Amino acid sequence: MESMFRWSVGLLVMLLLAFSGAYVVAGRGAPPRLVITKPEKFVGQAGALEVTAEAPRARFSTLTVTLEQNGKSTPIFTLTGPTNPANPAVTVSSVDANHLRITRPIGKRDLADLQQGPATIVVTASRPTFLNLRTLSSRATKDFQVRLEPPRIAVLSTKHYINHGGSEMVVYKATPADVASGVRVGDAEYPGFPAAGAGVQGDPTLKIAFFALLHDQPLNTRIQAFARDEAGNEAKADFVDNVFEKPFKKSRIVLDDKFINRVVPEIIEHSPELKMTAPAEGSPEMLQAFLRINGELRTINAGQISALAARTAPTRLWDGPFVQLGNSQVEASFADHRTYTYGGKEVDQQVHLGFDLAVTEHVPVHAANSGVVVNASWLGIYGNCVVIDHGMGVQTLYGHLMSFDVSVGDKVARGQQIGRTDSTGLAGGDHLHFTQLVGGRMVTPVEWWDPHWITDRVERKLREAGKGEQSGSQAR
């Protein structure tokens with residue numbers, strides 16, 4: 001009997017020790033890991049919540065999200081099952097075996113009690129441990145700002161007329177001064193720059209934007225000045241007085257083997273982005289290689305040129321009208337619609353976005369206006385190519401060059417030699433391909449060559465803005 005008692009006591013002690021060990025081991029497990037990805041900094045009329053929660057096999061005892069503001073706590077999510085939220089506005093998805101992602105809208109449109117000012121997202125979660133002996137909990141928070149009042153925008157300049165494929169400039173005020181602003185033409189956005197960068201000192205809310213109506217955008221494309229804060233609140237203003245249609249030419253280009261065999265191998269050699277090797281000379285594949293260059297590489301190059309706009313200076317680096325290549329003949333104009341034929345059959349169609357200017361062979365090429373060189377290298381169909389930034393989104397491109405007399409980063413003056421003409425890239429003969437760029441997009445340079453256009457569309461508006469600032473300063 002005594003031995004039985006001792007055996008029972010021993011077994012009880014062993015069970016207690018085992019339970020204690022299991023309890024201690026369970027307590028050493030990791031609590032749920034919580035990451036609040038959104039909101040980032042601001043929420044406005046619209047906003048999003050994104051939370052990732054991690055636990056073994058994505059098993060949670062509790063998982064809740066609340067929004068705290070002005071001493072009030074508002075539940076915005078509660079997990080009632082492994083993947084079923086109580087709120088139908090919430091989306092819960094499995095990232096993998098151990099992670100859940102919770103998303104839901106949290107802007108003013110979705111949370112009526114949301115107020116202007118600071119707010120906090122609070123996430124709490126718990127999970128069961130080994131044998132459900134304990135519960136491990138964690139908490140994460142993220143502060144953000146609620147902005148419900150939209151910025152303000154007011155167009156100050158007057159007489160805004162734009163040609164199809166051409167450019168314009170607008171002077172406006174965007175308040176507060178730090179909001180993103182500019183001009184939206186359809187889906188294309190052109191950023192505004194502080195007017196101080198163009199010599200108009202004073203009010204930091206005063207901005208300038210150059211913009212364009214692209215050759216392939218409809219004449220009735222919506223053009224608006226905009227101001228947008230980080231919470232997504234936006235103010236807009238219509239301001240264009242009139243839009244004018246400009247006829248674009250059509251031409252036919254006859255391809256032959258001599259031309260294709262000359263240009264294709266060199267372009268492929270300089271264009272690793274095509275991931276192809278040059279076909280044998282005279283082979284049927286040579287025409288297909290040309291068509292890839294004329295289409296696919298042309299599109300890639302347009303993206304590369306557009307990316308250079310990010311390197312524009314916030315100040316105006318140029319002055320006066322831009323200068324056309326001296327004594328040059330126009331061989332092709334802006335937005336010419338080209339039909340390519342080979343062996344009497346149509347094989348391709350493309351739009352030529354620039355001016356082809358020819359003089360004689362290897363003539364000096366000069367900068368059309370002052371600025372900073374942002375490209376001086378081979379650039380696909382344009383061959384040896386220089387791009388000059390003139391500030392505030394305005395740039396010029398010089399293609400098919402033989403040589404470079406400048407390097408990236410060089411400051412150049414109007415009329416300074418930057419290279420010589422040739423037929424590098426996709427060129428049928430020695431000439432300069434010249435393109436004007438606004439916001440990385442190709443526009444006709446005719447206006448920029450015109451002293452009257454520069455005086456009326458740019459200088460007049462800057463002068464009037466400067467006078468307005470002086471009057472405003474005196475009034476204050």
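Ground rules, quickly. The model is predicted, so local features need pLDDT of at least 70 and side-chain atom pairs count only at pLDDT 80 or more, while totals for chains, interfaces and linings use all residues. Numbering runs from 1 along each chain as its sequence is written, and side-chain values use heavy atoms, with hydrogens and water left out.

The whole chain first. It has five helices and 32 strands; helices are DSSP runs of H or I with at least four residues, strands are E runs of at least two, and both are numbered from the N terminus. Of the 476 residues, 49% are buried, meaning under 20% relative accessible area with a 1.4 Å probe, protein chains only. The accessible surface is about 23200 Å², and carbon and sulfur atoms hold 52% of that; the method is Shrake-Rupley with a 1.4 Å probe. Now contacts, meaning heavy atoms within 4.5 Å. Take those between residues at least 6 apart in sequence: 69% join residues at least 24 apart.

Next, helix α3, residues 285–307. Its 23 residues should span 33 Å at 1.5 Å a residue, and the end C-alpha atoms are 32 Å apart, which agrees. The expected span is 1.5 Å times one less than the number of residues. α3 also bends by about 35 degrees at L297. That bend is the angle between axes fitted to the seven residues ending there and the seven starting there. L297 is one of the buried residues of α3, which also include F290, L291, I293, N294 and R298.

Now S167. Buried or exposed? Buried, at a relative accessible area of 1%. S167 sits in strand β12, residues 167–175. Its side chain makes a polar contact with the side chain of W448 at 3.2 Å. A polar contact is a pair of N or O atoms within 3.5 Å; within protein, one must be able to donate a hydrogen and the other to accept it, and residues adjacent in sequence count only if both atoms are side-chain atoms. Leaving out residues up to four places away in sequence, S167 touches, among others, F211, V438, E447 and W453.

Last, H431, in the loop between β30 (417–421) and β31 (432–438). H431 is buried too, at 5%. Which side chain does its own side chain join in a polar contact of 3.3 Å? That of D356. Beyond four places in sequence, residues touching H431 include E331, H400 and D422.

Key: Buried means under 20% relative accessible area, exposed over 50%, partly exposed in between (1.4 Å probe, protein chains only).
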